[in-house]
Amino acid sequence: MNNCTEYLVHLDSRKRITLRSPKHEYYHVRTYDNGCILLEPRVVTPPEELSERSLKAMDEAVRNLDAGIVSAPIDLSDFQL
């Protein structure tokens, strides 16, 4: 069973909230019209921890983009919130 921590928060004078004892340093935040806020943890990897193969693949992708070698546009309209 997942452990759950619940507590009440309020906005400070600069319209911010504070998380208590966060498990991650970075979060992706989604806010919804109904007032819900979704926080998803993000792990940022330092460049020196990326493999040489991954770095080469990223370099090639950027070269292809600069050269106009790209796929057809993808319709993402079904995924908009």
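User: Which residues lie nearest the centre of the largest pocket?
Analyst: This is a predicted model. A pocket here is an open set of points on a 1 Å grid over the protein atoms alone, where a 1.4 Å probe fits, with protein on both sides within 12 Å along at least five of seven lines. Lining residues have an atom within 4 Å of a point. The largest pocket has 17 of them, and those nearest its centre are Thr-5, Tyr-7, Leu-19, Arg-20 and Leu-39.

User: Which strand gives the most to the lining of the largest pocket?
Analyst: Strands are DSSP runs of E with at least two residues, numbered from the N terminus. S1 and S2 (37-42) are the elements that each give two or more residues to the lining of the largest pocket. With 4 residues, the top contributor is S2.

User: How many nonpolar residues are in the lining of the largest pocket?
Analyst: Nonpolar covers Ala, Val, Leu, Ile, Met, Phe, Trp, Tyr, Cys and Pro; charged covers Asp, Glu, Lys and Arg; the others, Gly among them, are polar. The lining has 3 polar and 2 charged residues, and the number of nonpolar residues is 12.

User: How are residues numbered, and which pLDDT do side-chain atom pairs need?
Analyst: Residues count from 1 along each chain as its sequence is written. Side-chain values use heavy atoms, without hydrogens and water, totals for chains, interfaces and linings use all residues, local features need pLDDT of at least 70, and side-chain atom pairs count only at pLDDT 80 or more.

User: Which residue forms a salt bridge with Asp-12?
Analyst: A salt bridge is a side-chain nitrogen of Lys or Arg within 4 Å of a carboxyl oxygen of Asp or Glu. The whole structure has 2 of them. In one, with N to O at 3.0 Å, the partner of Asp-12 is Arg-16.

User: How far apart are the closest N and O atoms of Glu-40 and Arg-42?
Analyst: Glu-40 has a relative accessible area of 24%, and Arg-42 has 40%. Both are partly exposed, because that class lies between buried (under 20%) and exposed (over 50%), found with a 1.4 Å probe and protein chains only. The pair forms a salt bridge, and the N and O atoms are apart by 3.6 Å.

User: Is Lys-15, with its positive phi, buried or exposed?
Analyst: Lys-15 is not a glycine, yet its phi is about 65 degrees. Lys-15 sits in the segment before S1. Its relative accessibility is 67%, so Lys-15 is exposed.
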